[in-house]
Amino acid sequence: MMSAKRRLIFKNKHHKQEIKVSQKITAVRGFKDILEQEAPGWRKIEDVARTKFLRFGFKEIRLPLVEKNEVFTRGIGEHTDIVEKEMYTFLDRNDELLSLRPEATAGVIRAVVEHDLYKQHPVLKLFTFGPMFRRERPQKGRLRQFHQFDAEVIGSASPVADAEIICLAWQIIREFVSQDRLNLELNSLGCRLCRPIHRENLLKYLEKIKETLCDDCRRRAETNPLRVLDCKNEHCKAALKDAPLLKDYLCEDCVQHFSQVRDHLNQFNIPYILNPHLVRGLDYYVKTTFELVATDLGAQATVAAGGRYDGLVRDMGGDDIPGVGMAIGAERLMMLMEEDAWEQAIDLYLIYMGEEAKRLALSLLPPLRETLSVYAPYEQKGLKAHMRMADKLKATAALIIGDNEIARKKAVLKHLVNHEQIEISFNDLAQEIKQQLCAKKETFNNTRG
Ligand code: ATP
Ligand code: MG
């Protein structure tokens, strides 16, 4: 929370700042523009994800980006990296402490509890998509504003729900990467019954090796000992080699649940790797936890992650009902997509030269745009300049109407992929162009298979 003194310093500093009007203003570090070349790729991943969510019977909800800070301190846990170090938290003008959402689950549960949604439907299957905010060190695949696809099943303890959530993440990512480049890592974190016994033994072990641990781990050993198990530091990894693992402490119920989840993954034909060191950064996970890792993405290779959170709805003020969910990192999904899949198709570039041609061309636009994407330039240029522009826009075809064409009452349709050229009479011009281009689209799609 910003003290009154800090607020004053902040105010003075910013008032005194010299204003250089000629200087460019850049975006904030870690906050990235998605420009026109990339936007089609984004539309594609959104389309793929949305189609899958709907096929799996999930319904969309859209939630605010700003929540009361308590949603995350309660929902994620006070002693998590996200809440301690990464969250954007600020005092609103009425002194209310607010945060930009760093992830979606806590907000989804807040909304579900606030609107009593689980009382209307015993099992809710919800998805949402949008920006999340974490103040991390920006690097490739790691931003301060990033995007997630998020899915939650609330109200079912069935291991089928865990397997279905994993299958959903798997299928979405598999649209962009082959199976041999994708690993599903799986673990069980136990439950309220078996976790405390493991914790006690882990604390004893950590006490013995604490001198060899990194600063972060020494701090975590006090606040969130489970997190020590997935430290990436090589010294810590070596020291933790013989640390007690949850898999050896699971109660009968957790063993059964985990075994059934694995059976269902087999039935869904999804291979997995057991990783007993896999723990998640959010406090709320119990039982199943998983990550989907793309093997050739370098340092930021985890594309999706999730797990079961049976105590969360209760902790957020609702009834004691179970839940399981996952989030896919959209930037990392984009990194998996071939860049040529990003292209945005323009069906027709419409070239007109002269006043009469312009009048005719503009009157063609509304009927053509009923079915085709058409680019009509605003400025008059020479034919060559227009053709260069049509190529640059990767248009499928160009329609040319100049003085010659006006005199002959025929327009020229030029196919820019195979350079075929035909003349089309002015009678019923729009209809004929549509037919020609739709036929071309079909043969093109068929030959692509
Ligand atoms: P990491 O270990 O990479 O920090 P995390 O455990 O903090 O990930 P989750 O909170 O589980 O991540 O989020 C799920 C997914 O969201 C991650 O697997 C990743 O694909 C994506 N993600 C998380 N943080 C970022 C970020 N700062 N920038 C881009 N994507 C992110
Ligand atoms: Mg993180």
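**Reading the terms in this model**

Biologist: Why is Phe53 called buried?
Modeller: Phe53 has a relative accessible area of 1%. Buried means under 20%, exposed means over 50%, and partly exposed lies in between, with a 1.4 Å probe and protein chains only as cover. The value of Phe53 is under the limit, so Phe53 is buried.

Biologist: What kind of model is this, and how are residues and chains labelled?
Modeller: This is a predicted model: local features need pLDDT of at least 70, side-chain atom pairs count only at pLDDT 80 or more, and totals for chains, interfaces and linings use all residues. Residues are numbered from 1 along each chain as its sequence is written, chains are lettered from A and ligands numbered from 1 in the order written, and side-chain values use heavy atoms, without hydrogens and water.

Biologist: How many aromatic pairs are there, and what makes a pair?
Modeller: Rings of Phe, Tyr and Trp (its six-membered ring) pair if their centres lie within 6.5 Å. Planes under 30 degrees apart count as stacked, over 60 as edge-to-face, and the rest as tilted. The count comes to six aromatic pairs.

Biologist: Why is the pair of Phe31 and Tyr88 called edge-to-face?
Modeller: Their ring centres are 6.0 Å apart, and their planes stand at 70 degrees. The distance is within 6.5 Å and the angle is over 60, so the pair is edge-to-face.

Biologist: What does that pair tie together?
Modeller: It ties together parts that are 57 residues apart in sequence. Phe31 lies in the loop between α1 (4–16) and α2 (39–55), while Tyr88 lies in the loop between α4 (81–86) and β3 (89–91).

Biologist: Is Phe31 buried, exposed or partly exposed?
Modeller: Its relative accessible area is 23%.

Biologist: What makes the pair of Phe53 and Phe127 stacked?
Modeller: The angle between the planes is 20 degrees, and the centres are 4.5 Å apart. The angle is under 30, so the pair counts as stacked. Phe53 belongs to helix α2 and Phe127 to strand β5 (residues 124–133), 74 residues apart, and the pair links these distant parts of the chain. Phe127 is buried as well, because its relative accessibility is 2%.

Biologist: Which residues do ring pairs link into a cluster?
Modeller: Phe31, Tyr88 and Phe133.

Biologist: How do you know that Arg262 lies over the face of Phe258?
Modeller: The distance to the ring centre is 4.8 Å. The rule asks for NZ of Lys or CZ of Arg within 6 Å of the centre and within 35 degrees of the ring normal. Arg262 therefore counts as a charge over the ring of Phe258.

Biologist: Which residues are closest to ligand 1?
Modeller: Arg134, Glu136, Arg142, Leu143 and Arg280 are the closest of the 15 residues that surround ligand 1. A residue is near the ligand if one of its heavy atoms lies within 4 Å.

Biologist: What makes Arg134 a polar contact of ligand 1?
Modeller: A polar side-chain atom of Arg134 lies 2.8 Å from an oxygen atom of the ligand. A polar contact is a pair of N or O atoms within 3.5 Å, so Arg134 qualifies. Arg142 also has a polar side-chain atom 2.8 Å from a ligand oxygen. Val303 uses a backbone N or O atom, 3.1 Å from an oxygen of ligand 1.

Biologist: How much of ligand 1 does the protein cover?
Modeller: The cover is 86% of the 580 Å² of accessible area that ligand 1 has on its own. Areas come from the Shrake-Rupley method with a 1.4 Å probe.

Biologist: Which elements give two or more residues to the shell?
Modeller: They are β6 (145–154), β10 (302–308) and β11 (323–329). The largest share, four residues, comes from β10.

Biologist: What is known of the phi of Asn269?
Modeller: Asn269 has a positive phi of about 65 degrees, although it is not a glycine. Most residues other than glycine have a negative phi. Asn269 sits in the loop between α11 (252–267) and β8 (273–274). Its relative accessible area is 64%, so Asn269 is exposed.

Technical notes: Polar contact = N/O pair within 3.5 Å; in protein donor to acceptor, adjacent residues only side chain to side chain.
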